[in-house]
Amino acid sequence: MDNMIEIRWHGRGGQGAKTASLLLADAAFNTGKYIQGFPEYGPERMGAPITAYNRISKTPITIHSNIYEPDYVVVVDDTLLESVDVTAGLKSSGAIVINTTKSAEKLKEELKGYSGSIYTIDARKISEEALGRYFPNTPMLAAIVKVSGIMSDEDLLNDMEGSFKHKFAKKPEVIDGNMKALELALEQVKKIQ
Amino acid sequence: MSIRERLSGNEATATAMKQINPDVVAAFPITPSTEIPQYFSTFVDNGLVDTEFVAVESEHSAMSACIGAEAAGARAMTATSANGLSLMWEMIYIASSLRLPIVLSLVNRAVSGPLNIHNDHSDAMGVRDAGWIMLFSENNQEAYDNTLMAHRIAENKDVMLPLMVCQDGFITSHSIENIELVEDDKVKEFVGEYHPEHYLLNKKEPIAVGPLDLQSYLFEHKAAQAEAMKNAKQVILDVAKDFEKMTGRKYGLFEEYKLDDAEIAIVCMNSTAGTTKFVVDKLRNQGIKAGLLKVRVFRPFPVDEIANSLSHLKAIAILDKADSLNAAGGALFADVTSAMYVNNKNVPAVNYVYGIGGRDTKSDDIEKVYNDLLEIVKTGKVENPYRYLGLRREGDK
């Protein structure tokens, strides 16, 4: 990997994009990296577009601005493709990962000729199958790890199992579901041709 | 061995407060500092500290409660931002005048109005002449370290002044980053216990705190306060030396980043210094001799030290994250240029007001400042010393 990887998350308030960015920061931290995880705070409300960011590096990170030329973009809600310029500044050597069931043709049209790699995943299907409810952030976390190669699948699964055990100490029944969501997402994220 | 962790700036500050375990914390929530008393109140609830937590009804009362506690002989802390500090304003002066070494975490945010919850330094600049020691922090690590050093400085008998630790709201307060924590027992030993010389609950020495002080004495008391502020400079350095022995992390009155052989430099505070370091590295790779002076100790202002440190440069830019609205530049600019003048150091200097109300400061913005400085070096002229950085003008997008 390059020395510093920059990731921008697009989601809607309540979908957990901020939490996903913090979980990614956690997981990368646990593999020995320097990390930043921060949301762009606005007038937050359920359903409003939100942005969150990650920097991951082998060396200390001093820059403290938002990210304008990300290596990767994660889109948690594909309705944002119509209203937000999600590929703004995205490096053509990078990739975008979208939670969607839209066709490759439709996506290419909506991304206005973005020349880098486009990956899709149906996080709704995975979440509903694994958890019985729609929480797209866990599958999207696995998807970006897979696409960016920040860490191995095994490191992610081991680390997240620890995090979930801690986070859901009072709701152990959801740990297995979240682990299953991660595993399914690692398998199902696909590059479109 | 230090503890490798990842915490936000607010979590880091709350962790420092937990390790300090003060006698009293009195606070009222306000974004973006709310999490500090929120986390701290859970430490109280879970029995991790034995602090008396006072959930007051306003910031005026928060500072008043800290004043009462400190006057009684206790160690007191609080946290606030922006309009919370504005509401404390009356008591901020009383705290310093009564020589009560209260420690406040100020998570910097724009003072209304119109209402804005994001970062700039207008809150801190509003109290810059209030007699508080003011330390600024680039990141979560420095917010933590400055908090650990705070009581040793403030409670020194040659100082006895309140102290605020500043950090940038959201930019560092809400960003998760790596941090090295010090073990609890080492913090406890480093900070030590507070044994004030004079205090209200000392029955052997009945005293009055804050009585009427008219023409015959107030002037002398103010001069004593000013003297204490001068004394603080050496105490800050002494405490930093002990801190370095414990952690290996070195702190001074300010940080010089690639400044020794620099020809052009930026002077700024808090998180922008980190972004500036990123740009300095980039410019150095291009052969441009750029440097940075990051002010850590803003009050007392290190007049001679800063003037000497900047004297070899060909041009400097001073960045103010608060507009003084005085047609004469920001507060840091006024302090730096005044320091240069009284030390007979003549270096072309230019001021940029930037980042107001949370306007993001990009590395491109910082690079533009260095390019402007190169232009000043080339022409030898400063056309307009009072500038804006990142301001949208009519016709811009």
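**View 1. B:Phe136 meets its partner in a strand of chain B.** B:Phe136 has B:Cys166 of β7(B) as its bridge partner. The two strands here, β6 (residues 133-136) and β7 of chain B, run parallel and share 4 bridges; strands count as paired if DSSP finds at least two bridges between them. To get from β6(B) to β7(B), the chain goes through helix α6 (residues 140-154), in a right-handed β-α-β crossover (clockwise from the first strand over the helix to the second, with the strands pointing away from the viewer). Helices (H or I, at least four residues) and strands (E, at least two) are DSSP runs, numbered from the N terminus.

This is a predicted model, where local features need pLDDT of at least 70 and side-chain atom pairs pLDDT 80 or more, while totals for chains, interfaces and linings use all residues. Residues are numbered from 1 along each chain as its sequence is written, with chains lettered from A and ligands numbered from 1 in the order written.

**View 2. β7(B) is tucked away.** In this strand (residues 163-168), 6 of 6 residues are buried (20 or more other C-beta atoms within 10 Å of their own, with C-beta atoms placed from the backbone). B:Leu163, B:Val165 and B:Gln167 point one way, and B:Met164, B:Cys166 and B:Asp168 the other. Strand β5 (residues 103-108) of chain B also runs parallel to β7(B), joined by 6 bridges, and B:Ser105 pairs up with B:Val165.

**View 3. A strand from each chain.** β2(A) pairs with β8 (residues 176-181) of chain B in the antiparallel sense, over 2 bridges. Look for A:Gly37 opposite B:Ile176.

Terms used: Buried ≥ 20, exposed ≤ 12 C-beta atoms within 10 Å, placed from the backbone.
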